[in-house]
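This briefing concerns the model displayed below. Please keep the sequence and the structure in view while reading the points that follow.

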Amino acid sequence: MRRDYTLTDEQEQVRQLARDFAENELRPHTVRWDATGEFHEEVVPLLGELGFMGMLLPPEYDGLGIDMLTYLLALEQISWGDASVAITMSVHNSLPTQMILRFGNDEQKQKWLPPMARGELLGAFALSEAGSGSDAASLSARAERDGEHWVLNGEKLWVSNGSRADVVMVMVRTDRPDDRRGARGIGAFIVPTDTPGYSVGKKEDKTGLRSSETVAISFNDMRLGPDALLADPYKGFLYAMSGLQGGRLGVAAQALGIAEAALDHTVAYARERRQFGRPISSFQAVSFKFAEMYTRVEASRGLLYRAARAWDAGDVDKRLCSMAKLHASETAVWVTSQAVNLFGGYGFMRDYPVEKLFRDAKVTEIYEGTSEIQRVVIAKELFQEQPSG
Ligand code: COS
C-alpha cells in the first residue's frame, strides 16, 4: 500500500490499522465464506473492538467521532479484504446509526447508539419492496395509528444484515389511503427485531457478497410504541435519502477496495505468468490494460476523497456523493472484468481470487441507488445550478 501524502498521520494510521485487520482477519477466510455463504459472524465483535462499528458517532455515544474521509479509508481497506464484511460495516455505520444521530431524540440516541457503536447491536436499513426499488417513494408497507401506538404491516426486500440485525430502520407509509402524500407520506421507524409480528423471510441466493446475508423481512400487525418513530411521521423518506448520501459514499469506498484488490492480484499474476518465453506484463498490449485499470482506480479515489472532504467541510454535496458512487462502482465492475480476462482460463475458476471480486463488484452498481439513479441525481443537480456569469 503506497503512502498517501495528502492524508494526515492519523488518517494514515487508521488506514493501516484497517489494512492489517483485512490482511490478518479477513483474507484468510474470504474464500471459505464465499463458498459456504456463511455469515462472517465472528468478525462483527472484532470490528466493534476496533471502534469500526461506530466510526462516525461522537465519543459521547462511545463512537470514534472521526471524519467521513477517515471512515471511508478504513472501509476501503476492509473491502479490499472482504467486500461482504464491508457492506455489513457500511450499512450499520452509514444508515441506521447516522439516521438516529441526525434525527433521533435524546432518548433514542442514548438507548441505541452506544451499544451500536460498540458493535454489540447490529443495525440494518429497510426501504426497498417488491414493487418499489428505484421509485422508492412508491413503497406500500404501512403504519397505522392506534392511539399512541403504531401498527405496521408489509414486507421489505433485500435487507442487508437483515437476518442478523438487532435493530432495523424501516420506512413505511404513514399517510392515509384517502390522502396519499408520496414522498411526504412516509415515516421512519426504529424497529427492534425481537418485536412480536416481525419475521425474517427468504435468504437470497446471490451472485456475489455471498457471506453478507440479504433477506426479506415482514411485519404482521407489529405494534410499536411512540418511541420507535424517528422525528416527524411524514419525513421518513427525506431522512432515508439523507442517510443514503453517506451510504453511497460507503458503497463507493467498497467498490474502490474491490477494484484495488483485483488490481493487486492481477499485477502479481502478470509478473509471474510467462507465455512466449516472457512474463505477460512485458507485452505492451497487457501493460496498457494495466495502465488503464490503474488510472481508473486513481480517478475513482480522487472523486471519492473529494466528496468526503467536501462532506467534512460541511458541504454534503448530493452531486458529488452520486458521482463518487457511479464512478467507483462502474470502475470496480470494469477492472474486475479485465482482471478475469488477464488471468485467462484461471480467471474463470473459483480456485483463483478474481472471479469472486468480479461477482462482488456487480452489486455496487445496483444497491443504494442504481447507476441510472445516480445519473438522474447528477443531471438534475447540474440543471438546477445557477448559470455562471
Ligand atoms: N438527498 C437528500 N434529499 C433527497 C435526495 C438525496 N439524495 N433525493 C431526493 N431527496 C429529497 C428531495 O429533495 C425531495 O425533498 P423535498 O420534497 O423537500 O423537495 C424529496 O426527497 C423527494 O424527492 P424527489 O421529488 O426527487 O423524489 P422522487 O420520488 O422523484 O425520487 C429519487 C427521487 C429517484 C432520486 C429517489 O427515489 C432515489 O434515490 N431512488 C433510489 C432509491 C435507493 O437508493 N434505493 C436503494 C435502497 S438501499 S438497497
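Predicted model: local features only at pLDDT ≥ 70, side-chain atom pairs only at ≥ 80, totals over all residues.

Residues are numbered from 1 along each chain as its sequence is written, and side-chain values use heavy atoms, with hydrogens and water left out. The protein chain is assigned domain 1 (9-117), domain 2 (123-235) and domain 3 (243-385), with bounds that come from an automatic or database domain assignment.

**Domain 2 against domain 3**

- The centres of domain 2 and domain 3, taken over C-alpha atoms, are separated by 31 Å.
- To their contact (heavy atoms within 4.5 Å), domain 2 contributes 7 residues and domain 3 contributes 8 residues.
- About 590 Å² is buried between domain 2 and domain 3, and carbon and sulfur atoms give 67% of that area; buried area here is the accessible area (1.4 Å probe) that two parts lose on being put together, summed over both.
- Ser-134, Thr-207 and Leu-209 supply 67% of the area that domain 2 buries against domain 3, more than any other three residues.
- Between domain 2 and domain 3 there are 0 salt bridges, a salt bridge being a side-chain nitrogen of Lys or Arg within 4 Å of a carboxyl oxygen of Asp or Glu.
- The count between domain 2 and domain 3 is 2 residue pairs in polar contact, both at pLDDT 80 or more. A polar contact is a pair of N or O atoms within 3.5 Å; within protein, one must be able to donate a hydrogen and the other to accept it, and residues adjacent in sequence count only if both atoms are side-chain atoms.
- On the side of domain 2 that touches domain 3, the residues divide into 3 nonpolar, 3 polar and 1 charged. In this scheme Ala, Val, Leu, Ile, Met, Phe, Trp, Tyr, Cys and Pro count as nonpolar, Asp, Glu, Lys and Arg as charged, and the others, Gly among them, as polar.

**Salt bridges**

- The salt-bridge rule gives a count of 34 salt bridges.
- One of them joins the side chains of Glu-213 and Arg-164, at 3.1 Å from N to O. Glu-213 lies in the loop between strand 6 (198-203) and strand 7 (214-224) and Arg-164 in the loop between strand 3 (149-160) and strand 4 (167-173), so the pair ties together parts that are 49 residues apart in sequence. Helices (H or I, at least four residues) and strands (E, at least two) are DSSP runs, numbered from the N terminus.
- Glu-213 is buried at a relative accessible area of 8%, whereas Arg-164 is partly exposed at 30%. Buried means under 20% relative accessible area, exposed over 50%, and partly exposed in between (1.4 Å probe, protein chains only).
- The side chains of Asp-205 and Arg-210 also meet in a salt bridge of 3.1 Å, N to O. Asp-205 is exposed, with 66% relative accessibility, and Arg-210 is partly exposed, with 25%.
- In the salt bridge between Arg-375 and Glu-330, the closest N and O atoms are 3.0 Å apart. This pair links distant parts of the chain, 45 residues apart: Arg-375 is in helix 12 (residues 371-384) and Glu-330 in helix 10 (residues 318-342).
- Arg-375 is partly exposed, with a relative accessible area of 40%, and Glu-330 is partly exposed at 28% relative accessibility.

**Glu-12**

- Glu-12 belongs to helix 1 (residues 9-26) and is buried, at 9% relative accessibility.
- The side chains of Glu-12 and Arg-15 make a polar contact at 2.9 Å.
- Not counting residues up to four places away in sequence, Glu-12 touches Arg-2, Arg-3, Asp-4 and Leu-7.
- Glu-12 and Thr-70 are 58 residues apart along the chain, with their C-alpha atoms separated by 8.4 Å.

- Helix 11 (residues 354-362) is mostly covered, with 7 of its 9 residues buried.
- The buried residues of helix 11 include the charged-type names Glu-355, Lys-356, Arg-359 and Asp-360.
- Those buried residues of helix 11 pack against helix 2 (30-36), helix 5 (83-94), helix 8 (236-272) and helix 10.
- Ser-90, in helix 5, is buried with a relative accessible area of 1%.
- Leaving aside neighbours within four places in sequence, Ser-90 is in contact with Tyr-71, Leu-75, Leu-95, Gly-247, Gly-250 and Val-251.
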